[in-house]
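Hi there,

Here is the structure we talked about handing over. Have a look, and then read on for what turned up in it.

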Amino acid sequence: MLSEVQLFIGGEWRGTRETLPILNPATEKVIGTLAVAEAADLEDAITAASEGFRIWSRTAPAQRAAVILRAAQLMRARQEEIARSITLENGKPISEARLEVIRGCEFFEWDAGEAVRLYGRVIPSAPGIRYVVMHEPVGPVAAFAPWNFPMSQPARKIAGAIAAGCSIIIKAAEETPTGVTHIARAFADAGLPKGVLNLVFGVPATISEYLIPRPEIRAIAFTGSTAVGKHLTELAARAMKPALMELGGHAPVIVAEDADPVAAGLACATRKYRNSGQVCTSPTRFFVHESLYRPFTEAFLEKARSIRVGDGMDPDTQMGPVANHRRVDALEALTADAEAKGARLLCGGKRLNREGYFFPPTVLADLPDEADVLKTEPFGPLAIINPVGSLDEAIGYANSLPYGLAAYGFTNSAATVDRMMQEIEAGNLSINTLEASVAETPFGGVKESGLGREGGAEGLHHYTVVKNVSLKIA
Ligand code: NAD
């Protein structure tokens with residue numbers, strides 16, 4: 001059971017009159033309550049973030065880094081407690097929740113290192129004049145994080161913002177509020193000044209429409225669907241604010257004719273069902289050279305069928321439920337549509353007949369071009385496998401959607417690697433591996449998958465502005 005999850009504003013925890021229930025997706029039972037912010041709370045958060053920014057932006061970068069590293073150390077020490085609350089509210093296997101906590105800590109640790117390396121430059125100039133380029137923290141940030149990684153998604157945004165010297169008001173997902181709560185607790189214990197990190201929850205549209213236009217807020221960051229991302233980008237544009245957008249994907253995987261089909265099939269199926277497939281980089285559209293189609297599909301299917309589905313708190317569980325009933329309905333509808341149009345359903349496809357939002361590992365093969373799921377991101381444990389006759393055809397399919405977040409390739413040919421690197425439209429391309437991003441690499445999309453990058457040396461850019469100083473020496 002989780003307790004009451006409160007807002008965190010100006011360094012104080014705050015309950016509210018109105019609350020929302022928090023459900024365990026494995027049981028559909030209420031496991032806690034969540035405070036719902038009203039306008040007065042949001043107003044207080046803006047005031048707190050403005051004051052937090054005044055203090056934090058003038059704090060030495062090395063001191064900022066030390067606070068971030070202390071908080072990360074506390075979260076590492078609290079790994080088990082945090083992981084259990086993530087599994088209760090999100091459903092993922094406890095082993096995956098433990099890894100998520102470590103990943104979140106790695107984001108903080110990397111960005112702490114970047115805080116002290118936000119170098120500017122001196123531009124060569126004529127005698128008597130100096131041009132100095134500085135990277136300054138942009139100001140208070142409004143950020144919005146989704147439910148698929150309750151701790152590591154907010155961690156990315158909080159890490160970038162506060163490492164750069166900004167304050168932040170973050171609204172994490174109402175379905176999964178505790179991951180971010182543990183972050184706030186660790187930072188409070190690590191000595192972060194009040195008002196630098198503020199948490200609010202409530203009605204998502206009400207909060208974004210309140211915060212984004214406010215002049216005190218200087219930058220926006222969002223992870224979620226492309227539809228909501230476009231709406232928030234419009235709100236930000238009206239107020240001329242930079243907006244970091246990590247949006248949907250529909251990741252293609254090309255298995256070229258020289259790859260090892262069995263090893264690739266096994267690796268792909270293992271990765272596909274991680275977090276019940278609810279990952280924006282989840283490998284989903286498999287385009288397999290026709291000569292390898294059969295062994296690849298058989299290896300994939302064997303793994304998919306072997307996955308133990310259950311409550312994430314059970315240590316034997318390999319895949320938990322999906323996050324909510326919306327996802328179950330969407331997955332069932334996409335599967336039925338594909339089958340009706342002639343695809344072969346090789347496993348799964350229907351919700352499990354038990355309590356909880358359970359949808360099994362599902363594989364569809366030989367899909368016609370008209371199947372909705374070839375264009376719509378399923379965001380769940382659903383894989384689609386089609387044969388292709390050539391690399392040209394595979395790359396054509398890979399690039400055919402308006403998305404471009406993650407893409408994957410399997411090959412043993414240097415020439416094929418080169419073509420994949422040149423021709424695939426994606427912010428993150430992984431070849432012979434299914435790891436799409438780590439703390440030290442930049443992550444983000446092209447086309448409608450988003451704007452800007454999180455992580456890597458690029459990760460702090462969104463939270464800074466460039467100031468050029470021209471100095472005339474008398
Ligand atoms: P959604 O876009 O409605 O919600 C995603 C997040 O955005 C949630 O936390 C929600 O609270 C928030 N949100 C929704 N409307 C908002 C608004 N007006 N202002 C501020 N925040 C708002 O999608 P969903 O149904 O919860 O999830 C399904 C889709 O979301 C998937 O198809 C997937 O594309 C996308 N998604 C992407 C990621 C990612 O990592 N890129 C993560 C989670 C979900």
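To begin with a definition, axes are lines fitted to C-alpha atoms, for helices over the stretch in contact, and angles run from 0 to 180 degrees between N-to-C directions. Helices (H or I, at least four residues) are DSSP runs, numbered from the N terminus. Please keep in mind that this is a predicted model, where local features need pLDDT of at least 70, side-chain atom pairs count only at pLDDT 80 or more, and totals for chains, interfaces and linings use all residues. Residues are numbered from 1 along each chain as its sequence is written, and side-chain values use heavy atoms, with hydrogens and water left out.

First, a helix pair: the axes of α3 (residues 79–90) and α6 (residues 178–190) come within 9 Å, crossing at roughly 155 degrees. α3 is therefore roughly antiparallel to α6 (angles over 145 degrees count as such). On the α3 side, the contact (heavy atoms within 4.5 Å) is made by E81, I82, S85, I86 and E89, and on the α6 side by T178, G179, H182 and R185. These divide into 2 nonpolar, 4 polar and 3 charged residues. Here Ala, Val, Leu, Ile, Met, Phe, Trp, Tyr, Cys and Pro count as nonpolar, Asp, Glu, Lys and Arg as charged, and the others, Gly among them, as polar.

Next, α2 (residues 61–77) and α4 (residues 94–115) have axes that come within 8 Å and cross at roughly 170 degrees, so α2 is roughly antiparallel to α4. Among the contact residues are I68 and L69 of α2 and F108 of α4. By class, this contact has 12 nonpolar, no polar and 3 charged residues.

Polar contacts are pairs of N or O atoms within 3.5 Å. A polar side-chain atom of S225 lies 2.5 Å from a ligand oxygen atom, and a polar side-chain atom of E377 also lies 2.5 Å from an oxygen atom of the ligand.

Happy browsing!

Technical notes. Helix = DSSP H or I, 4+ residues; strand = E, 2+ residues; numbered from the N terminus. Parallel < 35°, antiparallel > 145°, perpendicular 65-115°, else oblique. Polar contact = N/O pair within 3.5 Å; in protein donor to acceptor, adjacent residues only side chain to side chain.
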